[in-house]
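Please look over the model before reading on.

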Amino acid sequence: MTKHIGIVGCSAEGAALCYRTICVEGADLMGSHAHPEVSMHTPSLADYVSCLERSDLQGVGDLMLASAHKLAAAGADFLICPDNTIHQAFEHVAARSPLPWLHIAQVVAEEATARGMRRIGITGTRWLVDSDVYPEKLSALGLEYARPDVADREEINRVIMDELVYSVFKPEAVTTFQRVMAKLKADGCDAVVLGCTEIPLIMDDGNSPLPTLDSTRLLARAALRHAIAP
């Protein structure tokens, strides 16, 4: 029996990519057309954004917990959240959660270590890049990190929140990410985390100046492995 995966969704594109990855790549581990049972709950993205804009991490955590309880009632065995930004509220969630979680930044940090990476550039929303979500997990494994400068953080945040979450994918957005990633490379980074779950929709190893750590798919694959483990 595989474990039932519960997805605590935030933005549609990030949650959808995570769900698709679990379902499609499940066949590689389980056989033709097979994947673990999956349930997902997403409140309105506007509810999360409202909390983030007023720095209400307790409110973010409450939204995550509400999803967690609904997924537990649906029979999920463990939880994942394909959204890096709202992991800022994880400390308000973990102790009160009805189910265990896989932490997206922990999954990414472990992958970086396994691949021999040493200094990781962090991209994502301004809330995520300003936070300790990735620095804490990377530093705990002896990894260094670098953040884009303030102007670049704001431009990337604009692309994510005004374009990517609405399924708007422009060539200019790719150029923006390439420019910022090139600066991170010049700052000594040997890899970059795609720390918003929509970024992999426009950036990958084929067009990035640095090797990428695709947080969305890495989390989905970690969930698959956990779901089929004895």
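In which loop does S11 lie? S11 is in the loop between β1 and α1 (12–30). The model is predicted: local features need pLDDT of at least 70, side-chain atom pairs count only at pLDDT 80 or more, and totals for chains, interfaces and linings use all residues. Residues are numbered from 1 along each chain as its sequence is written, and side-chain values use heavy atoms, with hydrogens and water left out.

- S11 has 3% relative accessibility and so counts as buried (under 20% relative accessible area, 1.4 Å probe, protein chains only).
- Leaving aside residues up to four places away in sequence, S11 touches L45, D83, V165, T197 and E198 (contact means heavy atoms within 4.5 Å).

**Helix α2**
- Helix α2 spans residues 45–53, and Y48, V49, C51 and L52 are buried in it (helices are DSSP runs of H or I with at least four residues, strands are runs of E with at least two, both numbered from the N terminus).
- Viewed down the axis of α2, the buried residues fall within an arc of 160°, so they line one face of the helix (the arc is that of the directions from the helix axis to the C-beta atoms).
- Their packing partners are β1 (5–8), α3 (57–73), α5 (126–130) and α7 (150–162).

**Whole chain**
- The protein chain contains nine helices and seven strands.
- Of its 230 residues, 53% count as buried.
- The C-alpha trace spans about 50 × 40 × 35 Å along its principal axes.

Key: Buried means under 20% relative accessible area, exposed over 50%, partly exposed in between (1.4 Å probe, protein chains only).
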